[in-house]
Amino acid sequence: MELNDMVVLVSRSGRHLQRYNKGRRQVVGCIPYRYKDFIELSLVDEDAFEVLLISPQRKGKGLLFPKGGWEEDETIEDAAQRETIEEAGVRGEVECKLGTWYFENKAGDTAYEGHMFPLFVTEELDYWPEKEIRERTWMNVREARKLCQNGWMKEALEVLVSRLTSQISKQTKGELFPRIERTSSGTTTILPWGCRAQILSPPLSNSTEEA
């Protein structure tokens, strides 16, 4: 196994490298997504893709997207990928940032600055650091809107939906071909959108969050 293919089965712990901005703890998260296995459905439709949500550490109502602290020895994209591997056990391509949100914990004594990215999933791992304490579930966008417990993450989801559907709708069928790969067996793989997607500015949120 090559070093790049290895996954450390222990999550990072401690906050001695944690980044802060004007007193706000900086956290980074991802919305993992994938396209369904068929493309007969219009790609403009939000039902053409699914997102991956995970259970919180403290069991309760609702689900969330993977996220965690951004540390000083890593880029923001590396932090997004790391947190997604640790909490959700998936890897892929981190795409252009969805936006930045400001929120507090439920007690109101800790302020956060949250950065969210899309992550086009290319691999699901059988083992990952938080496998024993979290469950992961693929679902459509409508289900995710209902079950995601954090308001700021729901706003990030809407930015992603708008980006994917609006960008695809602008492409002609011919322009989509470079993004669609067909294997020798006839199956289809849809390649991720990179930074060509429009970056929207989401509204600030004063929501609270769960870990």
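Student: Which residues does Pro32 touch, not counting residues up to four places away in sequence?

Tutor: In this predicted model, Pro32 touches Glu50, Val51, Leu52, Phe65, Pro66, Thr84, Val90, Leu119, Val121 and Trp138. Pro32 itself is found in strand 2, residues 24-35.

Student: Why is Pro32 called buried?

Tutor: Buried means under 20% relative accessible area. Pro32 has 0% relative accessibility, so Pro32 counts as buried.

Student: What makes Cys148 count as buried?

Tutor: The cut-off is under 20%, and Cys148 has 2% relative accessibility, so Cys148 counts as buried. Cys30, at 0%, is buried too. A search of the whole structure finds 0 disulfides.

Student: How do you know that Arg82 and Glu74 meet in a salt bridge?

Tutor: The nitrogen must be within 4 Å of a carboxyl oxygen. For Arg82 and Glu74 the N to O value is 2.7 Å, so the pair meets that definition. Both residues are buried.

Student: What separates Glu86 and Arg82 in helix 1?

Tutor: They are 4 residues apart in helix 1 (residues 76-88), which means about one helical turn separates them.

Student: Why does the salt bridge of Arg134 and Glu87 tie together parts of the chain?

Tutor: The closest N and O atoms of Arg134 and Glu87 are 3.4 Å apart. Arg134 lies in the loop between strand 7 (111-124) and strand 8 (136-139) and Glu87 in helix 1, so the pair ties together parts 47 residues apart in sequence.

Terms used
Residues numbered from 1 in each chain as written. Predicted model: local features only at pLDDT ≥ 70, side-chain atom pairs only at ≥ 80, totals over all residues. Heavy atoms only, no water. Helix = DSSP H or I, 4+ residues; strand = E, 2+ residues; numbered from the N terminus. Buried < 20%, exposed > 50% of the residue type's maximum accessible area, 1.4 Å probe, protein only. Contact = heavy atoms within 4.5 Å. Disulfide = S-S within 2.5 Å. Salt bridge = Lys/Arg side-chain N within 4 Å of Asp/Glu carboxyl O.
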